[in-house]
Amino acid sequence: MSSYLITSKIKSLSKTDRIITMFTFTLTQIILSFLICGLFFELSLVNLCILSLIILFICWVIPVKKKEQTRFSFTFKSIGFWPWICFLIALVQYVYNLYLIYLLPSFTYDSMSYHLVSAAYWIQQKEILLTPYDIWTNVYPQNAEVVFGWIMLVLGNDTWVELGQMFFLLGGVLAVYGIARVLSFNIGYSVAAASLFAATPLIFVQANTNYVDVAFVCTFLVFLYYMLKFAFTLRSFYCLQAGLAGGIALGIKSSAVAYLAVTMIIVFIYISPHVFKQQRRIHFILKHVILLVIPIGLIGTFWYMRTWYYYGNPIYPFTVEIAGHTIFEGKGSVNDLIMVSNTPKEILDLPWWKKLFISWNSEPNYYRYDQGLGGLGLQWLYCLFPAVLLSFALAIEKRAKEFMLFCIILISIFLIQPSNWWSRYTLSLVPLGTVSLIFLLHSTSFKSLKAMVQSLVVVLTLISTYYAWPHAFFFKDSISQAQSLSPDERTIGKLVWRDFEWIDSLPPSNIGIIRSEQPFTYPLFGNDWRNHVFMLESVDKKETFFSNISTHAIEYMFLKKGTEQHVWASQRFKNVLYENENFTVFQIY
């Protein structure tokens with residue numbers, strides 16, 4: 001409501017501007033209100049509602065001479081048959097994901113290890129603070145986790161927490177549509193470009209999880225939309241909105257530093273001929289740099305400042321080096337700590353272009369949310385990528401400067417992206433491909449060729465959807481089993497990881513785990529975060545081990561078999577609550 005009120009009081013915005021601005025304002029309010037409550041007050045639903053009402057009142061009392069109404073009207077004929085088909089494919093995927101969110105608990109690896117762990121701990125402790133768990137719960141930027149936490153706090157459980165990335169996806173779809181409209185394509189083609197972006201296999205299978213790749217690329221696309229609007233109009237409002245979107249993106253992933261910097265540099269180079277014609281050109285540049293930097297800093301830098309304060313490095317545990325000189329000490333480079341260990345062995349020692357070739361040719365595939373090779377679908381390999389090459393050459397011939405600006409930004413980002421064979425990190429290529437495709441379709445006058453290309457795109461997208469539909473990492477029979485259970489019974493332990501089924505029947509308890517043996521942490525909290533989870537350090541002395549258990553009043557100890565701690569516990573604690581071939585849960589009291 002606040003975002004609608006404030007947007008309705010801003011003059012001379014297009015319909016697309018207004019919707020995307022509402023999206024940006026909504027996300028900004030969610031993140032800032034959650035941070036303010038969690039850092040300065042008690043993080044509770046009451047305080048969150050009070051703060052939201054204050055913001056609503058401020059938006060209501062802001063004076064305006066005449067409120068502008070936003071009306072939308074279109075007909076089937078104005079959009080066209082092919083765009084409607086593309087839209088229906090994306091819509092079916094979106095609705096199916098909503099159904100899966102309702103049916104299944106969040107169970108993905110990283111969400112159970114750290115994405116949801118942070119949010120659960122904040123809600124439990126009623127403040128935003130460092131967690132005692134995995135280091136990744138503390139050192140990564142966490143604007144996306146704030147959105148997850150906001151959903152959990154408002155609803156009181158985690159049933160719908162996967163809606164987080166689904167909301168971001170709406171913003172990304174709107175941004176791609178808006179970018180196509182900014183580049184002067186009609187409504188139908190713009191709908192098709194946005195729909196094909198949403199129908200990308202990796203986006204389809206990850207959007208309903210608590211990962212952050214979709215959230216990041218969608219927020220960046222909103223930033224790109226505003227930067228393009230600023231480049232073509234020089235209107236200050238778009239700079240401010242770009243700053244808000246850029247700040248949200250920076251607070252999701254540190255790679256946003258490169259994405260935002262490249263975009264801003266290229267856009268300012270593009271507008272430089274217009275700027276230098278003005279008498280107050282230095283004033284103009286400074287003004288708009290400030291309009292960008294202040295909101296980016298306000299919304300995007302908190303997590304880096306916190307990490308810098310506690311770890312002495314804003315992007316710890318990664319080492320920061322410039323020209324061979326270490327600026328910030330860490331445990332190693334991004335490549336050493338993340339990329340190498342996640343690169344498939346068959347491409348590990350290959351040059352980057354061979355990795356890219358193999359990855360893009362690994363289609364179709366049974367897609368999963370953390371897809372390795374492949375992920376962009378057959379439509380990318382056979383239609384969208386060729387469209388990028390052809391459209392860029394055609395744009396040079398036609399001197400289509402606006403379209404070339406859009407292409408140069410996204411191509412530059414792709415080229416500097418580490419491990420750009422990995423589709424999780426190159427999702428910004430997809431809108432480059434979809435917009436390039438409609439550029440070619442718009443430019444050709446051969447109806448039969450146009451129909452053939454459109455049909456091929458639809459067929460390839462449907463084939464990719466077929467392979468993505470099972471969401472390959474779902475455990476066998478999880479969906480059919482979930483359909484036979486009530487919502488309260490659809491837990492991680494019952495449907496996904498049997499190791500955690502014993503959690504479901506526990507009253508609020510103190511549960512202990514060993515850091516070096518850490519299983520997934522999030523399921524131990526319970527879906528309403530009733531349990532307190534204590535991560536104990538691995539110790540060599542039996543007395544210290546039992547002392548730690550006593551200090552935290554631990555009632556259940558989750559231990560890996562074959563360890564010293566397991567031997568000690570089995571000697572003293574005879575009441576076993578749960579046991580399998582890997583773990584034992586000892587009841588202490």
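1. The side chains of K253 and D213 form a salt bridge, with N and O 2.6 Å apart, where a salt bridge is a side-chain nitrogen of Lys or Arg within 4 Å of a carboxyl oxygen of Asp or Glu. The pair links distant parts of the chain, K253 lying in the loop between helix 13 (236–250) and helix 14 (256–275) and D213 in helix 12, 40 residues apart. Both K253 and D213 are buried, buried meaning under 20% relative accessible area, exposed over 50%, and partly exposed in between (1.4 Å probe, protein chains only). D213 and K253 also belong to a salt-bridge network that takes in R424.

2. On the basis of these notes: this is a predicted model, in which local features need pLDDT of at least 70 and side-chain atom pairs count only at pLDDT 80 or more, while totals for chains, interfaces and linings use all residues. Residues are numbered from 1 along each chain as its sequence is written, and side-chain values use heavy atoms, with hydrogens and water left out. Helices (H or I, at least four residues) and strands (E, at least two) are DSSP runs, numbered from the N terminus.

3. The salt bridges number seven by the rule above. In one of them K229 meets D17 at 3.5 Å, N to O, and this pair too links distant parts of the chain, with K229 in helix 12 and D17 in helix 2 (residues 15–40), 212 residues apart. K229 and D17 are both buried. R530 forms a salt bridge with D528, their closest N and O atoms being 2.9 Å apart, and D528 counts as partly exposed because its relative accessibility is 36%.

4. An open sheet of five strands has the order 4-3-5-7-6 with mixed pairing, two strands being paired if DSSP finds at least two bridges between them. Strand 4 (532–536) and strand 6 (576–579) stand at the edges with a single partner strand each, so one side of each has no neighbour in the sheet. Strand 3 (residues 510–514) runs parallel to strand 4 and is joined to it by five bridges, with I514 opposite L536.

5. Strand 1 (residues 320–322) and strand 2 (residues 325–328) pair in the antiparallel sense over three bridges, and V320 has F328 as its bridge partner. Two residues lie between the strands of this hairpin, in which A323 takes a positive phi near 55 degrees.

6. The largest nonpolar core has 171 residues, and those with the most contacts inside it are W82, F406, W502 and Y522; such a core is a set of buried Ala, Val, Leu, Ile, Met, Phe, Trp, Tyr and Cys residues joined through side-chain atoms within 4.5 Å. Its largest share, 16 residues, comes from helix 12 (residues 213–233). A second, separate core of 14 residues includes I549, W568, F573 and I588.
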